[in-house]
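Hi,

Here is the structure I promised to pass on to you. Have a look at it first, and then read my notes below.

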Amino acid sequence: MTFCRPLIIASSVLFSVATVQADTHAANQNDQVREYRAALRAVNPEYVAGGGRFEMVLDGDQLHIAMTVENLTPQMMHMQHLHGSRDGMGASCPPLSREALNGEPVDLIDSRRYSGITLIPLHDDPASLKIQSDSYPETDKVGGYTYSQKVSWKALQQAVKKEYGLSELDLSDLVVYIHGVPQDTDLPDSTGSLDGVPAHLTLPVACGELEEWNPQEGAGLIE
Ligand SMILES: [Cu+2]
């Protein structure tokens, strides 16, 4: 029996999303199923104006992560992660206004001010917490991809506790980031990155703040 049922939802802004929903077999234990969603918006729209939808469903030990993005750089691997505060405080996406940053792009170092640190990589083995990987998703010819991954919640919690000392991982405190602009992007020399990693690979292009979504309230980010 499959727990996750991918759906395609066409939204008013002309993009679709691979989403996940609790199967009917979970109906009698609905209070245990938690769902989190985020709308991904461009961080540095002067370079890449991508966006998308992100969703996680937590049912028992299974965490199903799904996302759909578009308008990123075509045919390029994109690092993507859940970022958050190490001390368990909330995190947010950078402000859209460039004024706060003196007109400079929001680089990885700036992002820490608002969103904490890189916590969980969204590739083929998130619970490994390995940030360096070649298994991040790659965009298609028109700059889109879908990502879907199932993770053991227990394994992820244990890994996060061991690696970051975070004993209470609250998914609604996290933000989703996608990174990467074309190699030939003319970035200011001051653009920060990780040691030894070119700035065009780590420049944030999309961000979304996770919110717990309550179907009973009928108001989700995905409408
Ligand atoms: Cu990241």
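A term to start with: by a nonpolar core I mean a set of buried Ala, Val, Leu, Ile, Met, Phe, Trp, Tyr and Cys residues joined through C-beta atoms within 7 Å. Buried stands for 20 or more other C-beta atoms within 10 Å of the residue's own, exposed for 12 or fewer, and partly exposed for anything in between, with C-beta atoms placed from the backbone. The largest such core here has 43 residues, and the members that touch the most others are Leu40, Val175, Val176, Val205 and Cys207. Two or more residues come from each of strands S3 (33-42), S4 (51-59), S5 (62-70), S7 (117-121), S8 (145-152), S9 (175-179) and S10 (204-209), and also from helix H2 (153-164). S5 contributes the most, with five residues. In soluble globular proteins, nonpolar side chains tend to be buried together.

Please keep in mind that this is a predicted model: local features need pLDDT of at least 70, side-chain atom pairs count only at pLDDT 80 or more, and totals for chains, interfaces and linings use all residues. Numbering starts from 1 along each chain as its sequence is written.

Now the overall picture. The chain has 11 strands and three helices, where helices (H or I, at least four residues) and strands (E, at least two) are DSSP runs numbered from the N terminus. Their order from the N terminus is β-β-β-β-β-β-α-β-β-α-β-α-β-β. The chain has 223 residues, 39% of which count as buried. A contact means that the C-beta atoms of two residues, placed from the backbone, lie within 7 Å. Of the contacts with a separation of 6 or more, 71% join residues 24 or more positions apart.

- Val205, leaving aside residues up to four places away in sequence, touches Ala42, Val43, Asn44, Val48, Gly50, Leu72, Ile178, His179, Gly180 and Val181.
- Gln75 sits in the loop between S5 and strand S6 (80-84). Gln75 counts as exposed because it has 10 C-beta neighbours inside 10 Å. Its C-alpha atom is 9.8 Å from that of Pro137, 62 residues apart along the chain.

Finally, confidence. pLDDT, the predictor's confidence in each residue from 0 to 100, has a mean of 84 for the chain, and 79% of the residues reach 70 or more. Strand S1 (residues 7-10) is lowest, at a mean of 37, while S8 is highest, at 98. Residues 1-19 stay under 50, and residues 22-30 are also below 50.

Best wishes
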